[in-house]
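The following exercises are to be worked through with the sequence and the coordinates side by side. Each task is followed by a solution that goes step by step.

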Amino acid sequence: MSECCGSLRVGQKAPDFLLETFDPAKQVFGEVSLKKLMAAKKWTVLFFYPADFTFV
Amino acid sequence: MSRDTKFVHLAWQRDEKALANVRYLMGSDPTGAACHAYNVLDEATGLALRGTYIISPQGVLLNSEMNFYNLGRNIDELIRKIRANILLAGSPAEAVPAQWKRKGDVTLKPSIKMVGRVAEAMKKK
């Protein structure tokens, strides 16, 4: 994640990430990474927003 | 995902009725590392802008959209893009034209024959 900035483009490899998560379906905490999603052959949507308790 | 902790995600999801049916993972990025890597970090506020990305199972970034704080996204458009990407992944020679909505709508096979003949190609089906 240290490779720097402004080089993000469609058609290129997406940067890996590792996040703690809350899973509303199971009501449990967990972790997710792009590596893990790729290993599971999943499509990924990253949906960034400014803050909880605001409109999305 | 936002820079809130997983605890705040939990509190928000349980409190806000509009989130009652949410089933996707809520990611927490308190350090802002992922926000930074995906170029959504607003240095002036420390908050994430409304960025949306679609990544293929192979880890390739396929779509990118960015809205300012005060403009919400169109989920129908996001679903359209996901459908299009899945179709294109299975048919790499095809292209999904503007206004395409779902599987079964006309797609294009770019070729020398189509140069100047897109209108005709769009009428087929």
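**Exercise 1. Identify the residues of the largest nonpolar core that touch the most other members, and the elements that supply this core.**

Step 1. In this predicted model, the largest nonpolar core holds 24 residues, and those touching the most other members are F48(A), A34(B), C35(B), Y38(B) and I55(B).

Step 2. Tracing the core back to secondary structure, one finds that at least two residues each are supplied by β1 (18-23) of chain A and, in chain B, by α2 (33-37), β4 (50-55) and β5 (61-67).

Step 3. As general background, nonpolar side chains in soluble globular proteins tend to be buried together.

Step 4. Taking C35(B) as an example, and leaving aside its neighbours within four places in sequence, its contacts are F48(A) in chain A, and R3(B), D29(B), V40(B), L41(B) and A48(B) in chain B.

**Exercise 2. Work out how strands of the two chains pair with one another.**

Step 1. Begin with β1(A), which pairs in the antiparallel sense with β1 of chain B (residues 26-28) over three bridges; within this pairing, E20(A) has S28(B) as its bridge partner.

Step 2. Turn next to the open sheet of three strands, whose order is β3(A)-β4(B)-β5(B) and whose pairing is antiparallel. Its edge strands, each pairing on one side only, are β3 of chain A and β5 of chain B, and the twist from one strand to the next averages 10°.

Step 3. Within chain B, the antiparallel strands β4(B) and β5(B) are joined by six bridges, and R50(B) stands opposite N67(B) in β5(B).

Step 4. Finally, place the helix: α3 of chain B (residues 75-90) lies across β3 of chain A and β4 and β5 of chain B, and runs at about 20° to β4(B).

Definitions and conventions
Residues numbered from 1 in each chain as written. Chains lettered and ligands numbered in written order. Predicted model: local features only at pLDDT ≥ 70, side-chain atom pairs only at ≥ 80, totals over all residues. Core = buried A, V, L, I, M, F, W, Y, C linked by C-beta atoms within 7 Å. Buried ≥ 20, exposed ≤ 12 C-beta atoms within 10 Å, placed from the backbone. Helix = DSSP H or I, 4+ residues; strand = E, 2+ residues; numbered from the N terminus. Contact = placed C-beta atoms within 7 Å. Pairing = 2+ DSSP bridges. Axes fitted to C-alpha atoms, helices over the stretch in contact; angles between N-to-C directions.
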